[in-house]
Amino acid sequence: MLPRDLEGIKGVFSSVFIHGDLEHITSNSLPILVLGMLLFDFYKKIAKQAFIWIWIISGIWLWIGGRNSSENPNYHIGASTLIYGLSSFLFFSGILRKHKRLMVISALVVFLYGSITHGIFPIQQGISWEGHLFGAISGALVAYNYRKEGPRSSGYYWPKEEEEETTDNYWEENHTENLKEENNPTIKITYQYKEKEND
């Protein structure tokens, strides 16, 4: 990804596959795997759309706003943009939906990857903090956009019990209830058996 360069615009789609070395790709692989599994497990209906939108939005913003100059070209590579986007989506989506299980996922994301928040600031040299920042913002925006879709919190309810009708030809059940007497309520059940008629 080479920001604001026509040749570099293809990095919107390809930069997440390019890494500097084995350590770089290894450090990105596990978070992508874990966050991707959480996304596709808890947000089955919108997982693909959310993933693609985070990928495209963060990539376009990085191409527009990433560091670059004619004297010192800055290439932005790696899947960390997606990592920040997915973690942001999972965090904000659980909070916006007020869904207990999804809020647990939000807390889990903070516990596992809360320390990566410093990556959105220009602290460490050689790190695309713009990609991290744009990824986090795109994840939050996609979570807000899909807040009314996917799993939602539902209240508890008691299902209505339906009385089963007896269809047995061998006997009929008749019962009468007399619950009006407060001191001595009684229930009277009368069973009438009928013999099966021969054909």
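Residues are numbered from 1 along each chain as its sequence is written. Because the model is predicted, local features need pLDDT of at least 70, side-chain atom pairs count only at pLDDT 80 or more, and totals for chains, interfaces and linings use all residues; side-chain values use heavy atoms, without hydrogens or water.

The protein has six helices and two strands. Helices (H or I, at least four residues) and strands (E, at least two) are DSSP runs, numbered from the N terminus. Their order along the sequence is α-α-α-α-α-α-β-β. Of the 199 residues, 32% are buried. Buried means under 20% relative accessible area, exposed over 50%, and partly exposed in between (1.4 Å probe, protein chains only). A contact means heavy atoms within 4.5 Å. Among contacts between residues at least 6 apart in sequence, 74% join residues at least 24 apart.

The largest pocket has a volume of about 710 Å³. A pocket is an open set of points on a 1 Å grid over the protein atoms alone, where a 1.4 Å probe fits, with protein on both sides within 12 Å along at least five of seven lines; lining residues have an atom within 4 Å of a point. The volume is the space filled by probe spheres set on the points, which are joined across faces, edges and corners. The largest pocket is lined by 30 residues, and His24, Ser80, Ile127, Ser128 and His132 lie nearest its centre. Helices H2 (22-42), H4 (80-97) and H6 (129-145) each give two or more residues to this lining.

The second largest pocket holds about 250 Å³. It has 15 lining residues, with Ser87, Ser88, Tyr113, Ile116 and Thr117 closest to its centre. H4 supplies the largest share of this lining, five residues.

Six aromatic pairs occur in the structure. Rings of Phe, Tyr and Trp (its six-membered ring) pair if their centres lie within 6.5 Å; planes under 30 degrees apart count as stacked, over 60 as edge-to-face and the rest as tilted. The rings of Phe40 and Phe51 have centres 6.5 Å apart and planes at 50 degrees, so this pair is tilted. Phe40 is partly exposed at 38% relative accessible area, whereas Phe51 is buried at 18%. Tyr43 and Phe89 have ring centres 5.3 Å apart and planes at 70 degrees, so they form an edge-to-face pair. Both Tyr43 and Phe89 are buried. Ring pairs also link Phe17, Phe40, Phe51 and Trp55 into a cluster.
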